[in-house]
Every structure is written in structure tokens, then in C-alpha cells.
Amino acid sequence: MEEYDVVIIGAGPSGCFAGIFSSERGKKVAIIDKNSQICKKLLLTGKGKCNLTNMNEMNDEYLSKYKNGKFLINVFHQFSNKDLFEFFENNGLKLKIDTGKRVFPESEKAEDVVKTIRKVINRNKVKIFLKEKVIDIEKLKDGFKIITDKRIFKCAKVVISTGGKSFPETGSEGDGFVFAKKFGYKIIEPVPALCGIEIKENFIKNWQGITLRNVKVIAYLGDKKIGEEFGEFLFTHYGVSGPAILNLSGDISENYKNGEIKLIINFKPALNEKILDKRLQREIKENQNKILKNLFKNLLPSGLINQFLKISGVEEEKRANQITKQERKILIKNLLSFPITVKKPRPFYDSMVTRGGVCIDEINPKTMESKIVNGLYFAGEVIDVDGKTGGYNLQMCFSTGYVAGMNT
Ligand SMILES: Cc1cc2nc3c(=O)[nH]c(=O)nc-3n(C[C@H](O)[C@H](O)[C@H](O)COP(=O)(O)OP(=O)(O)OC[C@H]3O[C@@H](n4cnc5c(N)ncnc54)[C@H](O)[C@@H]3O)c2cc1C
């Protein structure tokens with residue numbers, strides 16, 4: 001039997017940080033992971049460049065980037081984005097701040113982030129057990145028994161940092177939810193987040209590959225608005241994606257089984273109905289003999305125009321001066337609020353994070369210790385907290401890992 005002060009299940013960013021900061025306080029620490037390397041998922045982040053945090057000020061707006069952001073107030077107070085930045089730079093990894101205050105390694109290689117973490121883990125003499133899967137956790141009178149497919153560990157404290165269910169080939173298959181459930185925890189149903197959305201309307205396939213830069217999208221469940229995003233938007237073979245959709249996807253995943261969700265696309269969010277009408281009238285006046293599909297080249301990407309006009313019921317070969325007032329009204333309405341219908345979110349294997357997980361009411365946010373079982377801690381994506389794109393998820397993982405490590 002292997003004996004440790006602290007055993008950490010999962011060597012993702014949250015588990016590694018828990019291990020680093022627990023060992024820094026003199027604890028004998030083991031981290032177990034079923035993969036053959038640490039931080040397998042982290043290597044894929046930010047398209048291989050790793051957007052490891054976001055340097056925006058950690059105020060209410062920052063917290064609003066997360067589901068259950070308030071849970072993180074104390075966590076970020078203990079370990080902020082600045083602390084994370086310093087941690088990496090002090091350990092020899094040069095970082096750069098990019099657009100939207102997103103932070104990347106200067107080398108733009110996620111591998112360098114992992115190398116730095118591995119270096120500190122080795123320096124702190126944290127024992128890593130790879131290719132080893134935890135099967136069960138048992139509570140003993142004086143600690144825990146951790147049963148793996150290779151051996152049994154005994155420890156005083158245990159951290160569950162097994163991630164969510166997204167990209168399961170990286171090892172996060174939802175095991176932590178099973179362990180937590182066994183101890184009586186409430187698990188908020190895990191659903192895919194930061195993922196694309198499949199759309200019911202077939203014509204969407206014709207728009208595959210078209211990207212729109214400044215689009216506003218509002219999601220409605222019946223009459224109820226469930227989310228709104230502004231930004232880049234992409235049509236795909238299955239429906240829609242891009243940052244604006246990724247950031248709406250968690251809310252859509254939580255709600256799509258409760259009724260029909262419509263996404264209302266505003267192609268021209270900088271203009272209101274009146275201004276857009278004036279602009280269209282002016283263009284018609286200046287280009288009286290132009291056919292409509294050519295006139296629209298100033299308003300929409302070429303690939304969208306034919307289908308857009310067809311759906312609006314306006315003949316694409318019509319000349320500008322033949323458009324009726326009624327047709328102009330429909331075109332304006334569709335430019336400002338074009339509806340499409342949600343079929344379903346992409347599955348877990350195609351979603352970057354998991355929404356849902358161990359209920360925050362059952363975790364002490366000052367320590368990450370369970371309120372149900374003494375000595376049991378949680379860190380990272382296994383908790384029911386998830387963020388938008390831009391480095392928010394990794395910051396949450398590093399910070400909750402730090403807090404768990406400092407308190408085990
Ligand atoms: C393609 C992609 C791109 C992303 N890009 C970004 C980005 O740029 N910025 C950002 O902030 N976030 C990004 N994310 C999200 C971020 O990677 C995750 O939120 C983060 O990795 C979660 O960290 P974690 O430590 O909680 O869990 P994970 O990184 O999932 O690690 C959990 C570990 O636990 C291990 N494990 C699970 N069960 C067991 C068991 N029973 N026994 C042993 N080991 C076990 C797994 O093998 C795994 O290694 C991205 C995600 C993906 C998929």
C-alpha cells in the first residue's frame with residue numbers, strides 16, 4: 001500500500017496546481033492519471049497555443065463570464081490572473097498578452113506551458129503515477145483508500161480533479177461525477193458547452209464556411225430570452241459555430257430539451273431599422289438599374305445573398321428600382337432579426353468544456369473542501385462552474401487547484 005498525505009486524482013491543470021501548492025507546504029503528494037502524460041487536454045488548448053488566462057480586471061464583469069461566477073470571488077482573491085502570470089514568468093515561461101487581454105506563451109506552444117508545470121512538479125518531488133486509473137475511493141476513519149487498476153493508496157486527504165466529460169479521449173470521461181455521487185453529492189446534469197450548435201433549417205448547409213465578424217445573436221426559448229452574444233459567427237456543415245455561438249452554447253445545452261430554441265441573428269447590429277432603411281433607399285436610388293443580388297454585396301457576404309433573398313421571398317434578379325416598399329421592409333427585418341432553429345448542441349466529443357458537475361453549494365469556496373465529507377476536495381472543471389472563451393476556463397482550473405493545494 002502506497003501512503004501519502006494527499007492523493008490527487010487527475011493530472012490536468014487543476015490537479016497539477018493542487019499538487020504543486022500542496023507539496024510546497026511540505027505535504028507528501030501523489031497525482032494519479034490514466035493518461036501516459038500530464039495535462040493531455042491542455043496541449044490542445046487555444047489551437048495548440050494555450051490561452052491560459054485573461055488579464056481583464058477581476059471585477060463583476062470578469063465573474064459574469066462564468067456560470068456560478070460568484071463562487072469564484074474568494075478563489076480569485078487567493079489566486080488571481082496576475083498571480084498566475086507571475087507563477088509562469090517566475091518559472092521561466094515568457095508570456096504575452098494578446099487581443100481581448102488573452103494570455104499565451106510567447107512561443108505560442110501549449111507544450112511549453114506543460115513543460116513548465118512538469119518542471120515545478122519534479123522540483124517539488126510530487127510523485128506522478130501515469131497510465132493508472134482510479135476505480136474507487138473509500139472513506140476510512142482516518143482518511144481515504146484510493147483503489148486504482150494497479151494498486152491501493154492510503155491518504156489523509158484527496159482531491160478530485162478529474163475534469164468534465166468533454167473531449168473524452170483526453171481522459172475526462174466523467175469519472176469524478178461517479179465518485180462524488182457515491183459520497184452523496186448533488187451532480188448538476190453535465191451538458192456540452194463551448195460547442196457548435198446543430199440547426200434544423202437545411203439551407204444552412206449552403207452557407208457552410210462563411211464567417212461573419214460583428215454579428216449579434218439572441219437565443220429565445222419560446223418568448224424567454226436565454227442569452228445574447230456579439231462577435232464572430234461561423235456557418236458549418238451542421239449549423240453554426242464561432243465565438244458568439246460557443247459562448248451561447250452552454251445556455252442552449254441547458255435549455256433545448258425544454259422547448260424550441262430560436263436563434264435570432266442580427267447581421268447589422270450597428271444599425272437600427274430606420275438607419276438601415278435610409279441606407280437601403282439611398283443605395284437603391286444611386287443604383288436604380290443594378291440587380292438586387294449585386295446591390296446586396298455591400299450588405300452581406302456574397303455566399304449568403306442568393307439564399308437570403310430567396311428566404312425573404314424577393315426575386316434576386318429584380319432591379320433595384322423594382323423593389324416594393326413591402327419587400328424592402330421584409331429585407332430589413334431579415335437583416336436585423338434572421339431566425340434559425342436549434343436542433344441540438346454538438347456532443348461532448350466536440351465541446352471544449354462541460355457545464356454542470358459537482359454542485360457548488362456542497363463545496364466551501366474558501367478551501368475547495370467538501371461540505372459533506374471532511375478531507376475531500378474538488379478542483380477544476382469537475383465543479384459546476386464554466387466560463388466563456390478567452391482563457392477564463394483555465395484560470396478557473398489553476399485558481400481552484402491552487403486553493404485546494406493550499407488547504408489540503
Ligand atoms: C480543444 C480545446 C481547447 C480549449 N482551449 C482552451 C483555452 O484556450 N483556454 C481555456 O481557458 N480553456 C480551454 N479549454 C478548456 C480547458 O482545457 C479545460 O477547462 C481544462 O483542461 C480543465 O482542466 P481540469 O484540470 O479540470 O481537467 P482536465 O484537463 O480534463 O484533466 C482531468 C484529468 O483527470 C484524469 N482522470 C479522469 N478520471 C480519472 C481516473 N478515474 N483515474 C485517473 N485519472 C483520471 C484525466 O485523464 C485528465 O488528465 C479547451 C478545451 C478543449 C477541449
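Ile-121 counts as buried because it has 21 C-beta neighbours inside 10 Å, a residue being termed buried if 20 or more other C-beta atoms lie within 10 Å of its own, exposed if 12 or fewer, and partly exposed in between, with C-beta atoms placed from the backbone. The model is a predicted one, in which local features need pLDDT of at least 70 and side-chain atom pairs count only at pLDDT 80 or more, whereas totals for chains, interfaces and linings use all residues. Residues are numbered from 1 along each chain as its sequence is written.

Ile-121 has its place in helix H5 (residues 110–123), where helices (H or I, at least four residues) and strands (E, at least two) are DSSP runs numbered from the N terminus. When neighbours within four places in sequence are left aside, Ile-121 is in contact with Cys-16, Gly-19, Ile-20, Val-126 and Ile-128, contact meaning that the C-beta atoms of two residues, placed from the backbone, lie within 7 Å. Ile-147, by comparison, is 26 residues from Ile-121 in sequence and 23 Å from it in space, C-alpha to C-alpha.

Cys-16 is also among the residues with the most contacts inside the largest nonpolar core, together with Val-7, Val-158, Val-159 and Phe-378; this core has 65 residues. A nonpolar core is here a set of buried Ala, Val, Leu, Ile, Met, Phe, Trp, Tyr and Cys residues joined through C-beta atoms within 7 Å. Helix H12 gives the most to this core, with eight residues, and another core, of 40 residues, lies apart from it and includes Ala-244, Ile-245, Leu-248 and Leu-292. Beyond its neighbours within four places in sequence, Val-159 is in contact with residues including Val-6, Ile-8, Ile-9, Tyr-377 and Ala-404.

The ligand is surrounded by 39 residues, the closest being Gly-10, Gly-12, Gly-163, Gly-171 and Gly-380; a residue is taken as near a molecule if its C-beta atom, placed from the backbone, lies within 6 Å of it. Helix H1 (13–24) and helix H12 (392–407) each supply at least two residues of this shell, and the largest share, four residues, comes from H12.

An open sheet of three strands, with antiparallel pairing, has the order S3-S6-S5, and its edge strands, S3 (53–54) and S5 (95–97), each pair on one side only. Two strands pair if DSSP finds at least two bridges between them. Two bridges join S3 to the antiparallel strand S6 (residues 102–105), in which Arg-102 is the bridge partner of Asn-54.
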